[in-house]
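Please examine the chain shown below. The report that follows describes how its parts are arranged and which of them lie inside.

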Amino acid sequence: MAIFRTARSEGPAYFASYLERRSIAWQLIALDEGAPVPGDPRIFSGLAFMGGAMSVNDDLPWIAPALALVREAVRTDLPVLGHCLGGQLLSKALGGSVRANPYKEIGWGEVRTSDNGVARAWLGELQAFEAFQWHGETFSIPPGATRVLENAHCANQAFAIGRHFGMQCHVEMTEELIRAWYRDGAREIADAASSPAVQTPQEVERDLETRVQRLHAVADRIYERWTENLSRGS
């Protein structure tokens with residue numbers, strides 16, 4: 001399977017660890033280093049897109065081919081997984097829109113599982129959990145998809161359509177990645193301090209090890225369901 005990275009600081013992190021524990025082969029396509037977007041998704045068993053500080057509405061050379069690749073993957077029923085920017089990419093590819101969210105979200109925040117059968121198929125009886133957030137934009141639920149996660153500051157936290165799953169929140173985080181983002185994003189955090197959904201470094205690091213372990217338990221559920229659908233191949 002292919003993992004698409006748009007920034008060196010936003011690699012697959014825990015998602016890669018999950019795949020390796022289950023002996024699922026993957027390759028990194030570093031769009032941030034100029035790697036071309038493949039034209040045919042069927043050379044892979046699935047496509048996963050990670051986050052990034054840019055917008056899918058930006059005029060970047062890889063965005064249009066990435067949208068086309070996602071549309072072709074969905075057309076051929078090849079599983080697509082999106083984390084944050086990747087979720088926005090999936091939404092836009094399927095006819096949704098991406099716009100500014102009413103609040104910037106940075107740090108830990110509770111998300112709720114939506115009350116529908118699709119959400120239960122992906123997350124079982126889990127009603128809520130603490131997710132990690134870092135975004136200023138939000139996606140709409142694209143035509144034919146179902147909202148799976150929501151919260152008070154951003155109504156659309158995840159959606160599913162068939163084998164495909166897009167998230168606004170981050171479930172792939174590790175302790176090291178959270179600390180690095182907070183260190184490198186200090187100015188952005190300070191500029192957004194008035195948002196009720198932005199946490200200080202002290203708040204985000206409280207009980208960090210335990211919170212990350214709980215996040216990984218949720219990630220395991222999502223990744224387990226998604227990888228069940230991977231096609232044979234690379």
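## Helix 1 and its cover

The buried residues of helix 1 are covered by elements that include strand 1 (2-5), strand 3 (47-49), strand 4 and helix 8. Helices (H or I, at least four residues) and strands (E, at least two) are DSSP runs, numbered from the N terminus. Contact means heavy atoms within 4.5 Å. Helix 1 spans residues 14-21, and its buried members are Tyr-14, Phe-15, Ala-16, Tyr-18 and Leu-19. Buried means under 20% relative accessible area, exposed means over 50%, and partly exposed lies in between (1.4 Å probe, protein chains only).

Ser-17 also belongs to helix 1, but Ser-17 is partly exposed, with a relative accessible area of 33%. The C-alpha atom of Ser-17 is separated by 21 Å from that of Asp-32, although the two are 15 residues apart along the chain. Just after helix 1, Ser-23 has a positive phi of about 55°.

## Basis of the description

The model is predicted: local features need pLDDT of at least 70, side-chain atom pairs count only at pLDDT 80 or more, and totals for chains, interfaces and linings use all residues. Residues are numbered from 1 along each chain as its sequence is written, and side-chain values use heavy atoms, with hydrogens and water left out.

## The chain as a whole

The chain contains eight helices and nine strands. Its radius of gyration is 16 Å, close to the 17 Å that the globule rule gives for 234 residues, so the chain is as compact as a globular protein of that length. The radius of gyration is taken over C-alpha atoms, and the globule rule is 2.2 Å times the number of residues to the power 0.38. Along its principal axes, the C-alpha trace spans about 45 × 40 × 35 Å.

Of the 234 residues in the chain, 55% are buried. Among contacts with a separation of 6 or more, 73% join residues 24 or more positions apart. The accessible surface comes to about 10200 Å², and carbon and sulfur atoms account for 47% of this area. Accessible areas come from the Shrake-Rupley method with a 1.4 Å probe; for residues, only the protein chains shown count as cover.

## Nonpolar cores

Which residues have the most contacts inside the largest nonpolar core? They are Phe-15, Phe-132, Phe-165 and Tyr-223, in a core of 47 residues. Helix 8 gives the most to this core, with eight residues. Apart from it lies another core, of 28 residues, among them Phe-49, Leu-69, Ala-73 and Ile-161. A nonpolar core is a set of buried Ala, Val, Leu, Ile, Met, Phe, Trp, Tyr and Cys residues joined through side-chain atoms within 4.5 Å. In soluble globular proteins, nonpolar side chains tend to be buried together.

Not counting residues up to four places away in sequence, Phe-132 touches Gly-107, Trp-108, Cys-169, His-170, Met-173, Ile-178, Trp-181, Tyr-182, Val-204 and Leu-215. Ile-178, Trp-181 and Tyr-182 are among the buried residues of helix 5 (residues 175-184), which also include Leu-177 and Ala-180. The buried residues of helix 5 pack against strand 5 (98-113), strand 6 (128-139), helix 6 (186-191), helix 7 and helix 8.

The buried residues are Leu-85, Gly-86, Gly-87, Gln-88, Leu-89, Leu-90, Ser-91 and Ala-93. Cys-84 sits in the loop between strand 4 (80-83) and helix 3 (85-93). Cys-84 counts as buried at 5% relative accessibility, and its phi is near 55°, a positive value in a residue other than glycine. Helix 3 is followed by Gly-95, whose phi is also positive, near 100°.

Is Gly-52 buried or exposed? At 15% relative accessibility, Gly-52 counts as buried. Gly-52 is placed in the loop between strand 3 and helix 2 (63-75), and, leaving aside neighbours within four places in sequence, is in contact with Thr-6, Glu-10 and Leu-85.

## A buried histidine

His-164 is found in strand 9 (residues 164-167) and counts as buried at 3% relative accessibility. Leaving aside neighbours within four places in sequence, the contacts of His-164 include Leu-90, Trp-122 and Phe-159.
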